[in-house]
Amino acid sequence: MASLNLAEKEAIILEHESDPQRILNILLELQFRSEEGYIDEETAKLVADRLHLSEARVYEILTYYAILKTKPQPTYVLKVCNSSPCHFSGGTMVMEVLENTLGVPVDEPTEDGMFMYNKIPCVGACDSSPVIKIKDTVFGNLTEESIIQLLDDLRAGHYENL
Amino acid sequence: MLERNQPVLLERVYNMTNAVDVEEYKKFKGFEGLANAISMDNEAILDELDIAHLRGRGGAAYPLGKKWRHMYHSKGTPKYIVCNADEGEPGTFKDKALLEKDPLSVIEGMLIAGYLFKAQTGYIYMRGEYRQIQKIFQQAIDNATKAGYLGENILGIQGFNFKILVISGAGAYVCGENSALLNSIEGKTGRPRVKPPHLADVGLYLKPTLVNNVESYAGIPVILREGGQAFLDLGSEDGGGTKLVCLSGHIKNRGLFEVNLGTPLYELIFSEKYGGGSSTSNPLKFIHFGGQSGPIGAVDELEDCIYSYEGLWDKGLSVGSGAVVVMDNQVSMIDYLVNVAEFFVHESCGKCTPCRLGTTRLMELLKKFQEKRAQIGDIERLEKMMTHVTHLSACGLGQSVANSMKSGLKLYPEEFLAGIGKEVRKLEEVSW
């Protein structure tokens, strides 16, 4: 995914009418369409300027909400639901398989910068636990085999939209 | 007249082929509730809502009729209509189904509120995890606007103007708390406000604001279409209607079910129509009701329990959001509660000390039991800390953190005792 240029970023802000009420919509859209999955300083400044907010306010928001990131993210961040319905229905298995297969502990990127996995609270897919969420896509009813398959498919670039 | 056992809220979810199409929505009795509302006196609308006895479906179970009456009599303009779609209670995925597969019913509910309170602006605050559904909902809004159900002079009624804005959350559980949600809409960080004042008097931008859950709004058109009594008859006397229940955990038929309030709990858990019993080969041990903030019940002690507001209150339990998380006998209560505590440590917003520090202290204490290094006196310490967090926290999040822990300790004291290390001696209190 190519990074957004200034005009594209401005278009996203204008789509939301430069409305400070919709700052989260704007920041999420900018982040999900960014190359490295985070809001860089330049983008934060742009949002502050166009929404007539202070940069401090924008950063207060960026650091408060869990989905928003201020640092570059690996290509695929595998989010594993850690809330009780998932955790006790295979969630721990998912964490073990990821640790064994990727060879890194939780919250640490792999050396090639391709993967990282972390625990997140409920994504509302409790009826298909255990789950991994990547961006907006939920992979449910996972088994050890299907997780390894998923990682292989991601490496092979079978999920272009993620 | 509505038949019990017939889906009321999920009928369109199951049967519509295009969830955002206004014409198809109307084929399934869409906008009939609104049509009735505009032909009625305002007082008559409020009376129907009182008779229906719909309790708030977000979890607080506050009678919706009372909330609306309060809002109706609150002074100040403009008034705002807000829908809380920040569904974040673990084990809950009911609002998701309505937002994605029947968004127009939520819009109709909000629209009726807009008409009654002469509000011109509505907001729906939807959790960031549901970004794709936000787009679907926006489409439903756009279609309703094109069809003349949103916008200006709706249905040709002069001055009946109403629009709805979709506001995204971005991953903060506490924004499900209504005042935190309003702060988040105002573009601030989503931390709760000190209450009172009630949001119906001082809400969004300090104006009177109605905040209801998605499922509550979806129930409004049903009440005004079929009548308050018909809605009440779907449930039980202490709370009318059907409830969307989310079954998850170690249960065979995980998923979303529409259940008449007043259904026996065992039917919900064990009958093939609903849960179908254990999904593992092990017997079921306990049930966590209403999300992480709810209480826990032991399956063996709930044989005669009725799934209704009073039926659960009688057992010290609650309906909450409608989450029903079932665990089998392989799960230790302590392990479970450590997981719950970790959730709250992560989600406490940090504004008030009892919750910010209390959640961490609770987690540390529970981990001592988990690692079998608790000391004599730690049970008492845990109890004190639970009381502390419950009574001193500023908002509903902190006040309900200990619900599960209190019931867990009461139901399975032997598991806590087993967590006390053999070699440790009782600590003597040092007098000052």
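Me: Why is helix α2 of chain A largely enclosed by the rest of the structure?
Reply: In this predicted model, eight of the 10 residues of α2(A), residues 23-32, are buried, so the rest of the structure largely encloses that helix.

Me: Which residues of α2(A) are buried?
Reply: Ile23(A), Leu24(A), Asn25(A), Ile26(A), Leu27(A), Leu28(A), Leu30(A) and Gln31(A).

Me: OK, on to the contact between the chains. How many residues of chain B are in contact with chain A?
Reply: 39 residues of chain B, and they meet 29 residues of chain A. Elements giving two or more residues to the chain B side are α8 (131-146), β3 (163-168), β5 (242-249), β11 (323-328) and α14 (333-347).

Me: Which of them gives the most to that side?
Reply: α14(B), with six residues. By class, the side of chain B that touches chain A has 15 nonpolar, 17 polar and seven charged residues.

Me: Back to α8(B). At what angle does α6(B) pack with it?
Reply: About 40 degrees, and the axes of α6(B), residues 94-101, and α8(B) are 8 Å apart. The two helices are therefore oblique to each other.

Me: Which residues make the contact?
Reply: α6(B) uses Lys96(B), Leu99(B) and Glu100(B), while α8(B) uses Ile133(B), Ile136(B) and Phe137(B). That contact divides into four nonpolar, no polar and two charged residues.

Me: Switching to the sheet in chain B. What's the strand order?
Reply: β3-β2-β1-β4, an open sheet of four strands with parallel pairing. β3 and β4 (209-213) of chain B each have a single partner strand, so each edge strand has one side without a neighbour in the sheet. From one strand to the next, the twist averages 20 degrees.

Me: How many bridges join β1(B) to β2(B)?
Reply: Six, between residues 80-85 of β1(B) and residues 121-126 of β2(B). Ala85(B) stands opposite Met126(B) in β2(B).

Me: Which strands does α7(B) touch?
Reply: Helix α7(B), residues 103-117, packs on the sheet and touches β1, β2, β3 and β4 of chain B. Its direction makes about 155 degrees with that of β1(B).

Me: Last one: what domains does chain B have?
Reply: The domain assignment gives domain 1 (11-234), domain 2 (242-328) and domain 3 (333-417). The centres of domain 1 and domain 3 of chain B are 34 Å apart, taken over C-alpha atoms. Their contact takes seven residues from domain 1 of chain B and eight residues from domain 3 of chain B.

Methods. Residues numbered from 1 in each chain as written. Chains lettered and ligands numbered in written order. Predicted model: local features only at pLDDT ≥ 70, side-chain atom pairs only at ≥ 80, totals over all residues. Domains from an automatic or database assignment. Contact = placed C-beta atoms within 7 Å. Nonpolar A, V, L, I, M, F, W, Y, C, P; charged D, E, K, R; others polar. Buried ≥ 20, exposed ≤ 12 C-beta atoms within 10 Å, placed from the backbone. Axes fitted to C-alpha atoms, helices over the stretch in contact; angles between N-to-C directions. Parallel < 35°, antiparallel > 145°, perpendicular 65-115°, else oblique. Pairing = 2+ DSSP bridges.
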